[in-house]
Each structure stands twice: as C-alpha cells, then as structure tokens.
Amino acid sequence: MASQGQLIQIDVDQLVLDLRNNRHDPFRKPDEAMRALLGSEQVIQLALSIAHEDANPMDLMGVIEKKGTGPRKTYVSLEGNRRTCAYMLLIDPERIPSGVANRQAIIKKLEKAAASASFMT
C-alpha cells in the first residue's frame with residue numbers, strides 16, 4: 001500500500017471516481033458522477049486539452065487504495081476527479097453515460113483526440 005506522500009504511477013484503468021467528493025452531493029453510481037462532471041465541470045474540454053497538450057506533470061492527483069477490489073489494486077481519486085474522468089473518457093469514450101446530450105458526437109471527438117495523444121502511445 002502506498003504511504004502518504006509517496007509518488008506512484010497508476011494506470012487509468014485502476015482509477016475510480018470519488019462518489020463522495022465534497023464538491024457535490026454524494027452519488028450512488030459512477031455513471032451518476034460522470035454525468036454530473038460532464039454537465040458542470042467542463043470535462044470534455046479538459047480531456048481535449050490533455051490529449052492535445054498533455055497534462056501538467058506538476059498537477060498530481062491524490063488517490064487512496066480502494067479495499068476489496070480483487071488482485072489488481074484500484075484507487076479512488078480524491079483529488080483530481082475531473083482529470084480522472086477526462087482520462088477515463090480518452091481511454092474509452094464509450095463510457096459516456098447514455099442520455100448525455102450529443103453523446104455520439106462527443107465520442108467521435110474524443111476518439112480523434114485520443115488517437116493523437118502522446119500519453120496513449
């Protein structure tokens with residue numbers, strides 16, 4: 001387990017959104033949190049910015065290990081929920097929940113941006 005203050009590299013597929021982030025009311029499901037982030041937090045713009053310009057390496061994310069998730073560790077993003085969501089959508093744009101306005105157009109835009117993103121190689 002990572003101790004406080006230790007820098008570790010984590011794959012995006014090991015991250016989960018913080019459903020109890022103090023910036024919003026608690027969510028029961030990841031799709032609810034993602035829908036809220038997409039609606040009010042400019043996550044698509046952030047994802048496109050990350051794809052085109054990379055993320056600022058000084059902007060570290062704060063995570064804690066989520067217990068009971070199986071043999072591969074999973075981490076909850078306590079600081080950086082927007083960036084976590086942006087990375088998740090660049091890796092797999094189909095994760096955009098159904099019912100999000102212009103879902104198909106957003107998926108295509110993210111797929112195109114991800115194809116040229118340096119962190120994807």
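These legends describe close-up views of a predicted model, from the whole chain down to single side chains. Residues are numbered from 1 along each chain as its sequence is written. Local features need pLDDT of at least 70, side-chain atom pairs count only at pLDDT 80 or more, and totals for chains, interfaces and linings use all residues, while side-chain values use heavy atoms, with hydrogens and water left out.

Figure 1. Helices (H or I, at least four residues) and strands (E, at least two) are DSSP runs, numbered from the N terminus. Along the sequence the pattern reads β-α-α-β-β-α-α. The C-alpha atoms fill a box of roughly 40 × 30 × 25 Å along the principal axes. The radius of gyration is 14 Å, which agrees with the value near 14 Å for a compact globule because the protein has 121 residues. That radius is taken over C-alpha atoms, and the globule rule is 2.2 Å times the number of residues to the power 0.38. Of the 121 residues, 36% count as buried. Buried means under 20% relative accessible area, exposed over 50%, and partly exposed in between (1.4 Å probe, protein chains only). The accessible surface comes to about 8000 Å², and 49% of it belongs to carbon and sulfur atoms. Areas come from the Shrake-Rupley method with a 1.4 Å probe; for residues, only the protein chains shown count as cover.

**Figure 2. Three strands form an open sheet in the order 1-3-2.** Its pairing is mixed. Strand 1 (15-17) and strand 2 (62-66) are the edges, each pairing on one side only. Neighbouring strands are turned by 40 degrees against each other on average, direction ignored. Strand 2 and strand 3 (residues 74-79) run antiparallel and are joined by five bridges. Two strands pair if DSSP finds at least two bridges between them. Val63 has Ser77 of strand 3 as its bridge partner.

**Figure 3. Helix 3 lies across strand 1 and strand 3.** The helix runs at about 120 degrees to strand 1. Axes are lines fitted to C-alpha atoms, for helices over the stretch in contact, with angles from 0 to 180 degrees between N-to-C directions. Helix 3 is mostly covered, with nine of its 11 residues buried. Among them are Asn81, Arg83, Cys85 and Tyr87. The buried residues pack against strand 1, helix 1 (30-40), helix 2 (43-53), strand 3 and helix 4 (103-115).

**Figure 4. Ser77 and Thr84 are joined by a side-chain polar contact of 2.8 Å.** A polar contact is a pair of N or O atoms within 3.5 Å; within protein, one must be able to donate a hydrogen and the other to accept it, and residues adjacent in sequence count only if both atoms are side-chain atoms. Ser77 lies in strand 3, and Thr84 in helix 3 (residues 81-91). Ser77 counts as buried because its relative accessibility is 0%. Thr84 is buried too, at 0%. The Ser77 side chain also reaches the backbone oxygen of Gly80 at 3.3 Å. Beyond four places in sequence, Thr84 touches Leu15, Val16, Leu17, Met61 and Ser77. Contact means heavy atoms within 4.5 Å.

**Figure 5. Ala86 is a buried residue of helix 3.** Its relative accessibility is 0%. Leaving out residues up to four places away in sequence, Ala86 touches Val43, Leu46, Ala47 and Ile50. Ala86 and Gln42 are 44 residues apart in sequence and 9.4 Å apart in space, C-alpha to C-alpha.
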